[in-house]
Amino acid sequence: MKDLLVFLADGFEEIEALTVVDLAKRAGLKVDLVGLGDKKIIKGAHDVRVEVDLNLDELNIKEYRAIFIPGGQPGATNLMNSKKVVECVNIFNESDNIVAAICAGPQVLDKAGILQDGKFTCYPGVEERLQADNPADVGVFEDGNIITSMGPATAVLLGLKLIERLVSKEKSDEIAEEILLPKLK
């Protein structure tokens, strides 16, 4: 069993995607980057190129415990427009597996119909494109198996929350110490 599936599409937000992936790997989690289409290299919103582990057609979602949708434009919109990505989100949600999204990523969750009014957060202004209304003004919001986060600066918090949920609070605290997060307080 693998731990975390991260969807990437051209235009993804590099800070959000790579911060969460880095923290997850520091915690010993098994992470796969999955790209749309048949390309092995996905270009981020700021021209950072990342090699994916597999593409959507090679994916067996039953191998994973959690799914993560980064933001960025047009990356999040590209993911939202993928019928298979939306289908994966619904399958994970129905199985009560963790579904996480950051920044504009919650629009994928909204298209899947799993966001509830007032029980999510997103990048300010993204809510205008969503059916769900009244996002919380917090860095990370948990609603059962759904975890959302506001944007680039909150990617560390989201990564640590995923570690807490997939490993333990102790491991999350340990990683926070390693990256000197307590020194920011």
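Q: Which residue stands opposite F7 in β2?
A: F7 stands opposite V34 in β2. Strands (E, at least two residues) and helices (H or I, at least four) are DSSP runs, numbered from the N terminus.

Q: What kind of model is this?
A: This is a predicted model, in which local features need pLDDT of at least 70 and side-chain atom pairs count only at pLDDT 80 or more, while totals for chains, interfaces and linings use all residues. Residues are numbered from 1 along each chain as its sequence is written, and side-chain values use heavy atoms, leaving out hydrogens and water.

Q: Back to β1 and β2: how many bridges do they pair over?
A: β1 and β2, which covers residues 31-35, pair over five bridges in the parallel sense. Two strands count as paired if DSSP finds at least two bridges between them.

Q: How many bridges join β1 to β6?
A: Four bridges join β1 to β6, and the two strands run parallel. V6 stands opposite F68 of β6.

Q: And which residue of β7 stands opposite I67?
A: V99 of β7 stands opposite I67. β6 and β7 pair over four bridges, in the parallel sense.

Q: What is the strand order in the open sheet?
A: The open sheet has seven strands in the order β5-β2-β1-β6-β7-β9-β8, and its pairing is mixed. β5 (54-55) and β8 (140-143) stand at the edges with a single partner strand each, so one side of each has no neighbour in the sheet.

Q: Why is β1 largely enclosed?
A: Six of the seven residues of β1 are buried, so the rest of the structure largely encloses this strand. Buried means under 20% relative accessible area, exposed over 50%, and partly exposed in between (1.4 Å probe, protein chains only).

Q: How many residues are in the largest nonpolar core?
A: The largest nonpolar core has 34 residues, and those with the most contacts inside it are F7, L59, I69, V89, V108 and L109. Such a core is a set of buried Ala, Val, Leu, Ile, Met, Phe, Trp, Tyr and Cys residues joined through side-chain atoms within 4.5 Å. The largest share of this core comes from α3, which gives five residues. A second, separate core of 32 residues includes A66, I147, A155 and L160.

Q: What is V108 in contact with, apart from its neighbours within four places in sequence?
A: With those neighbours left aside, V108 is in contact with I69, A76, L79, M80, V85, V86 and V89. Contact means heavy atoms within 4.5 Å.

Q: New topic: is F92 buried or exposed?
A: F92 is buried, with a relative accessible area of 2%. F92 is placed in helix α3. Apart from neighbours within four places in sequence, the contacts of F92 include I61, Y64, A66 and V99. F92 and I146 are 54 residues apart in sequence and 9.9 Å apart in space, C-alpha to C-alpha.

Q: How many disulfides does the count come to?
A: The count comes to zero disulfides, a disulfide being a pair of cysteine sulfur atoms within 2.5 Å. The sulfur of C103 is 8.4 Å from the closest cysteine sulfur, that of C122, which is too far for a bond. C103 counts as buried at 9% relative accessibility, and C88 is buried with a relative accessible area of 3%.
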